[in-house]
Amino acid sequence: MKPKEFVGSLKELRFDNAFNPYADRCSVHDVSDAPARRSKVLFKFLDAAMKAEIDALWIGRDLGYRGGRRTGLALTDDVHLAIHATRWNLSVERATTGTFVAERTAAVIWSMLAQVPVPIFLWNVFPLHPHQAGDPFSNRSHKPHERVVGEEILAELIVMLRPKRLIAIGNDAAKTAARLAGRTDVAQVRHPSYGGQRDFVRQVRDLYDLRLEAEQLSFL
């Protein structure tokens with residue numbers, strides 16, 4: 001599958017109480033052509049990644065309302081959107097208005113990615129933003145039928161990018177990675193939310209043989 005086809009398949013996804021950033025527009029925070037902007041950004045990232053030798057696919061669980069719902073990129077909030085693009089020598093257009101919104105998980109993730117020089121692609125088990133009924137600015141875990149579809153998409157992404165290894169962030173991602181890995185190596189790290197920052201930082205440091213920076217100390 002090519003990047004254009006991949007993004008096109010994402011646009012077609014529809015689930016109850018799930019925001020599709022590549023097809024849906026938030027009436028509160030989005031610019032008028034936000035879905036098109038997010039689709040274009042993802043296409044550019046995929047196109048660049050397919051031309052690179054991907055060290056690892058970092059896999060989270062779902063898009064969050066303060067992060068991927070707004071940017072269309074896994075584990076990436078407004079604050080780190082341009083930084084993420086710079087890693088791929090790309091420029092991007094922001095899809096939201098107003099002040100930048102920060103996400104705690106994204107901040108911890110990117111505090112470590114800042115020290116990882118090799119190509120990393122970020123994704124989730126479920127590629128949309130699942131939320132509570134009646135509350136679009138909330139987060140919930142994806143449901144089993146959503147996971148099945150998400151795993152089909154992730155399996156296609158693994159074929160497209162051919163990463164050397166999968167790094168699963170949290171237990172949900174680890175279960176999916178184990179099912180899809182085939183001969184690809186899998187490593188699991190703790191999710192940095194709910195008090196997991198210290199373990200996450202330590203585990204990523206060990207995986208990439210990194211030293212502890214002052215920025216990480218602020219999270220511990």
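These are my notebook entries on a predicted model.

**Ground rules.** Residues are numbered from 1 along each chain as its sequence is written, and side-chain values use heavy atoms, with hydrogens and water left out. Because the model is predicted, local features need pLDDT of at least 70 and side-chain atom pairs count only at pLDDT 80 or more, while totals for chains, interfaces and linings use all residues.

**Entry 1: the sheet.** I looked up the strands (DSSP runs of E, at least two residues; helices are runs of H or I, at least four; both are numbered from the N terminus). I found 4 strands in an open sheet, in the order 3-2-5-6, with parallel pairing. Two strands pair if DSSP finds at least two bridges between them. Strand 3 and strand 6 (185-189) are the edges. Each has a single partner strand, so one side of each lacks a neighbour in the sheet.

**Entry 2: strand 2.** Next I took strand 2 (residues 56-62). How many of its residues are buried? I got 6 of the 7, so the strand is largely enclosed by the rest of the structure. Buried means under 20% relative accessible area, exposed over 50%, and partly exposed in between (1.4 Å probe, protein chains only). Strand 2 pairs with strand 3 (residues 120-126) over 6 bridges. With strand 5 (residues 165-169) it has 4 bridges. I then followed Leu-57. Its bridge partner in strand 3 is Phe-121, and in strand 5 it stands opposite Leu-166. Ile-59 stands opposite Ala-168 in strand 5.

**Entry 3: the cores.** A nonpolar core is a set of buried Ala, Val, Leu, Ile, Met, Phe, Trp, Tyr and Cys residues joined through side-chain atoms within 4.5 Å. The largest has 37 residues. Which of them touch the most other members? I listed Leu-57, Phe-121, Trp-123 and Leu-157. Elements that give two or more residues to this core include helix 1 (3-11), helix 4 (78-87) and helix 7 (171-180). A second, separate core has 23 residues, among them Ala-56, Trp-58, Leu-75 and Leu-113. I went back to Leu-157. Leaving aside neighbours within four places in sequence, Leu-157 is in contact (heavy atoms within 4.5 Å) with Phe-6, Leu-46, Leu-57, Phe-121 and Trp-123.

**Entry 4: helix 2.** Helix 2 (34-50) came next. Its buried residues include Pro-35, Val-41, Leu-42 and Phe-45. Their cover includes helix 1, strand 1 (18-19), helix 3 (68-71) and helix 6.

**Entry 5: aromatic rings.** Rings of Phe, Tyr and Trp (its six-membered ring) pair if their centres lie within 6.5 Å; planes under 30 degrees apart count as stacked, over 60 as edge-to-face and the rest as tilted. My search of the whole structure gave 6 aromatic pairs. One of them, Trp-58 with Tyr-208, is tilted: 6.2 Å centre to centre, 45° between the planes. The two residues are 150 residues apart, with Trp-58 in strand 2 and Tyr-208 in helix 8 (residues 197-208). Trp-58 is buried at 1% relative accessible area, and Tyr-208 is buried at 14%. Ring pairs also link Phe-6, Trp-88, Phe-121 and Trp-123 into a cluster.

**Entry 6: Glu-152.** Is Glu-152 buried or exposed? At 54% relative accessibility, Glu-152 counts as exposed. Glu-152 lies in helix 6.
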